[in-house]
Amino acid sequence: MAAPTDLRRRLFVTLAGFGALTAVACLTAPLIGSTSIHLSRVFDRTVPFADNVDAQVFFVARLPRVLAAALVGSAFAIAGVVFQAFLRNPLASPDTLGVSSGATLGAVIVITFHIDTALLGVSAVPVATFAGAAGALGIVYAMSIARRRGTSSTVLLLAGVALSAFLGALNRFIQVIGDFTDTFRSIRWMMGSLDVGSYTDLVVALVPMAAACAAISTLPRELDLVSIGAAAAESRGVDVRRAERIALISASLLTGSAVSLGGPIPFVGIIVPHLVRLIVGADHRLVLPAAALFGGAFLVICDVIARTAFGPAGMPVGAVTAFLGGPFFLWLLFRRAR
Amino acid sequence: MVSDTVATIEAFDLSFSYDRRARPGVSVVDRVSLSVARGAIVGLLGPNGSGKTTLLRLLSGTLTPDRGHVHLDGQAIAALSRRDLARRIAVVPQETHSAFDFSALEIVLMGRYPHLSAFELEGASDLAIARRAMADTGTATLEDRLFAALSGGEKQRVVIAGALAQASEVLLLDEPTASLDLGFQFEIAALLSRLNKERGTTMVVSTHDLNLAATLCTELVLLKDGRVIAQGATDTALTPAHIRELYGVIADVTIHPRAGHITVVPLGRAD
């Protein structure tokens with residue numbers, strides 16, 4: 001909230017601070033688990049990789065999952081920031097707008113009806129989650145246009161909640177008509193799991209995420225301006241329709257990719273942007289990079305808790321974020337109501 | 001109506017309706033032509049729903065007319081990019097809310113948007129312009145305060161400062177005093193009058209406050225049902241007959257001996 005005279009310095013501090021946090025989280029998290037390993041032995045170049053158990057546990061067994069957590073957390077957080085700016089409401093997020101549910105529906109359809117085997121061995125899940133996210137967002141977008149004729153953003157959020165519930169019911173319906181194995185798979189998946197098989201899965205998700213991030217990174221100032229009103233932004237020279245199109249398509253791409261990689265992990269898109277704004281202020285030139293980095297660190301830490309704090313079976317990471325996020329959401333709601 | 005001075009904004013035969021299919025033949029703005037001289041303060045008067053806000057949005061180029069066109073210094077605004085337009089016309093909306101914790105200075109600095117390229121950060125000169133705009137609007141002391149926590153009058157002055165930071169020659173204001181108490185109304189009127197004198201800013205101000213219009217505006221445009229029923233110099237346009245036609249109210253219009261300008265005293269409804 002200080003004067004932005006020193007924006008360059010604040011940007012540097014933000015990147016350095018949150019960057020360090022994320023790096024430490026990503027390096028420390030793979031060390032934690034049932035088999036204890038040491039960082040010094042992981043990077044011991046004198047032992048060949050084939051004989052270095054610590055390195056194998058670190059790079060093969062644990063690091064992919066940690067990186068998946070970082071990517072998914074980052075994607076949900078950025079998508080949350082974008083939705084909040086365009087709806088001018090800090091309670092907007094991929095979850096509350098039904099975008100996550102749309103992506104989930106896409107995945108559940110693909111899993112239940114085995115559509116992924118049909119497409120030349122390429123998994124159809126990322127495509128389906130993006131289509132689902134974009135479809136749900138299309139509905140929300142149509143409502144946000146109606147909003148300019150007087151519907152409040154509270155109404156829009158409630159509509160998102162209704163859409164989520166409706167899509168959730170569709171998910172359950174599809175699970176009921178599917179056979180047991182498929183249903184078990186999709187239920188496991190819906191709980192949110194970051195247990196990715198390989199680095200290939202990460203790359204498949206990373207490509208669309210990087211494209212979306214690149215597109216959004218051209219728009220921080222536009223996000224500042226639309227957050228004080230579409231008409232105000234327009235009169236200040238923002239091409240609101242263009243900015244909106246780029247930002248919302250990118251945000252649904254991020255949500256779709258994140259859901260296809262880790263499942264519909266709730267509340268990350270609300271908790272992270274809000275905490276980040278408390279620290280760096282409202283300027284999106286700081287909020288976006290900070291949310292991207294802190295979102296990664298946040299979900300990595302949540303996943304460590306999910307893996308270790310509840311016995312050897314672990315707990316779905318989505319349950320951990322919901323456990324933290326539910327009360328947080330209520331706190332946010334009542335704090336704002338005052 | 002204006003012949004001796006150069007016109008800054010000219011509107012020719014503007015028509016606009018929000019939903020032509022649902023209500024065909026009903027235009028919110030209906031064949032409006034007007035001309036705003038450089039350095040003038042033009043008041044836009046009319047009852048609720050008469051099309052004032054829509055007309056302002058057409059003049060600022062944020063709405064595209066169904067028919068007619070708007071010229072800025074003889075150039076069609078439809079041919080200008082949003083950014084170019086924003087460097088020349090700034091808008092102060094009725095009310096501004098911020099969902100996030102921007103400081104007053106940050107809100108004012110957003111006015112520099114059309115002057116900066118995509119990844120350019122505000123430099124020392126932008127900051128100087130923003131600070132000067134805040135000094136001119138008496139908001140310098142509010143710099144680090146949260147915009148959302150300011151009073152209505154403070155917010156409106158900060159938003160005006162943001163519009164000034166845009167460094168445009170034209171300022172369009174939509175009921176700038178509507179939600180303010182008497183003290184703030186005076187303050188905003190004095191501020192606008194001073195900015196007009198000191199900076200030569202051309203202004204179009206929509207308002208329900210006839211006495212504000214009488215003291216502040218050099219010319220008036222009277223709108224009813226989207227149509228212009230009269231326009232011209234304030235003392236010729238602001239007549240009891242016009243007030244009755246606009247609002248259905250009988251009013252006395254006199255030169256107030258102590259105030260030294262036209263005052264309007266509403267006496268009752270015409271019916």
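Visitor: What percentage of the contacts in chain A with a separation of 6 or more comes from residues 24 or more positions apart?

Guide: First, the term. Two residues are in contact if their C-beta atoms, placed from the backbone, lie within 7 Å. In chain A, residues 24 or more positions apart account for 79% of the contacts with a separation of 6 or more. Keep the source in mind: this is a predicted model, where local features need pLDDT of at least 70, side-chain atom pairs count only at pLDDT 80 or more, and totals for chains, interfaces and linings use all residues. Residues are numbered from 1 along each chain as its sequence is written, while chains are lettered from A and ligands numbered from 1 in the order in which they are written.

Visitor: How many helices and strands does chain A have?

Guide: Helices (H or I, at least four residues) and strands (E, at least two) are DSSP runs, numbered from the N terminus. Chain A has 14 helices and 0 strands. Its pattern along the sequence reads α-α-α-α-α-α-α-α-α-α-α-α-α-α.

Visitor: What is the radius of gyration of chain A?

Guide: That radius is taken over C-alpha atoms; the globule rule is 2.2 Å times the number of residues to the power 0.38. For chain A the radius is 20 Å, close to the 20 Å that the rule gives for 338 residues, so chain A is as compact as a globular protein of that length. The C-alpha trace spans about 65 × 55 × 40 Å along its principal axes.

Visitor: How much of chain A is buried?

Guide: Count neighbours. A residue is buried if 20 or more other C-beta atoms lie within 10 Å of its own, exposed if 12 or fewer, and partly exposed in between, with C-beta atoms placed from the backbone. By that count, 51% of the 338 residues of chain A are buried.

Visitor: Where does A:F267 lie?

Guide: In the loop between helix 11 (240-262) and helix 12 (268-280) of chain A. A:F267 is not a glycine, yet its phi is positive, near 75 degrees. It is buried, with 24 other C-beta atoms within 10 Å.

Visitor: And B:D225, buried or partly exposed?

Guide: B:D225 is partly exposed, with 15 other C-beta atoms within 10 Å. It sits in the loop between strand 9 (219-224) and strand 10 (227-233) of chain B. Its phi is also positive, about 50 degrees, although B:D225 is not a glycine.
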